[in-house]
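Thanks for making time, everyone. Let me put the sequence and structure up, and then I'll walk you through a few spots in it.

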Amino acid sequence: MKRFMQIWKPAVVGFLLLTLVCGVIYPGVVTIIAGAAFQDKANGSIIEGKLADGESGKYGSTEIGQTFTQPEYLIGRAASDGAATNLNPTSEEQKQLVEKRIAWWHKLDPANNRVIPMDLVTASASGVDPDISEAAAAYQVDRISKERGISTKVVKEIIAEHTSKRLLGFWGEPTVNVLQVNLALDSLKM
C-alpha cells in the first residue's frame, strides 16, 4: 500500500494542480483580459440598432455569418449544406456541391451571366463566415438594386462603407460584412 501511495499521490496532486491552473485560473485570466481589452468581440460583437420602420433590437453578430437567401439581400458564403466543409477541392462530393450552388445562383438571378465568385459556391471550414470578397459583393449589386428599386450607386456605396481593408495595408484581402450591408439596406427609407 505504501508503494501504491508513493506512485499515485504525486499523480493525483499533479492532476488536481494542472486542473486548477489549466481549467480554472488560465481561462479566468484570459476571460478577464478579453473582456477588458476586447469588450465588443468578447461579448459576441452583437449589432443592435433601429431600422427605418422603427423596429429596434439585436440583429446578429458581425463575427458569425447569418443565412440570407432572399434576392433583395446581399447573400454570404454557402452554408455547409449539412455536409463536411473541409472537402478535398478535387473530390466528387465537392464538385457536386459546387454545381448545385452554381445552379442555385443561376435560378436566383438568371439575368446575371457573369462568372460566380468562388466564395459564393464554396463553404468555409467553419461554415459561419460573416464576410465575403469584394468580387462576391460586386456580383450581387445589380440584383439587389433591381429588387429594392434603388440605384446601383447606392448599393455600391453601402457595400463600400462595410468593407474592411487589408490589415496594415498589405495583409489579407478586403472583405465585406454581409449582415452590416443588409442592415444598412434595410434601414433605407423607400
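So, what volume does the second largest pocket have? About 170 Å³. Before I go on, the ground rules: this is a predicted model, where local features need pLDDT of at least 70 and side-chain atom pairs count only at pLDDT 80 or more, while totals for chains, interfaces and linings use all residues. Residues are numbered from 1 along each chain as its sequence is written, and side-chain values use heavy atoms, with hydrogens and water left out.

Now, a pocket here is found on a 1 Å grid over the protein atoms alone: an open set of points where a 1.4 Å probe fits, with protein on both sides within 12 Å along at least five of seven lines. Lining residues have an atom within 4 Å of a point. For the volume, grid points are joined across faces, edges and corners, and we take the space filled by probe spheres set on the points.

By type, the lining splits into two nonpolar, seven polar and four charged residues. Nonpolar covers Ala, Val, Leu, Ile, Met, Phe, Trp, Tyr, Cys and Pro, charged is Asp, Glu, Lys and Arg, and the others, Gly among them, are polar.

Let's zoom out for a second. The protein chain has six helices and five strands, all DSSP runs numbered from the N terminus: helices are H or I with at least four residues, strands are E with at least two. Starting at the N terminus, the order is α-α-β-β-α-β-α-α-β-β-α.

Next, the sheet that β4 and β5 belong to. Three strands make an open, antiparallel sheet in the order β3-β5-β4; two strands pair if DSSP finds at least two bridges between them. At the edges sit β3 (131-133) and β4, each pairing on one side only. Helix α6 (residues 178-187) packs on this sheet and touches β3 and β5, and its direction makes about 50 degrees with that of β5. Contact means heavy atoms within 4.5 Å; axes are lines fitted to C-alpha atoms, for helices over the stretch in contact, with angles from 0 to 180 degrees between N-to-C directions. Between β4 and β5 there are two bridges, and Thr-163 has Val-176 in β5 as its bridge partner.

In α6, look at Val-178. Is it buried or exposed? Buried, at 4% relative accessible area; the cut-offs are under 20% for buried, over 50% for exposed, and partly exposed in between, with a 1.4 Å probe and protein chains only. Beyond neighbours within four places in sequence, Val-178 is in contact with Phe-68, Leu-74, Ile-75, Gly-76, Pro-130 and Ile-132. Its C-alpha is also 8.7 Å from that of Tyr-73, 105 residues apart along the chain.

Last stop, Leu-168, in the loop between β4 (163-164) and β5 (175-177). Leu-168 isn't a glycine, yet its phi is positive, about 60 degrees. It counts as exposed because its relative accessibility is 67%. That's my tour, thanks!
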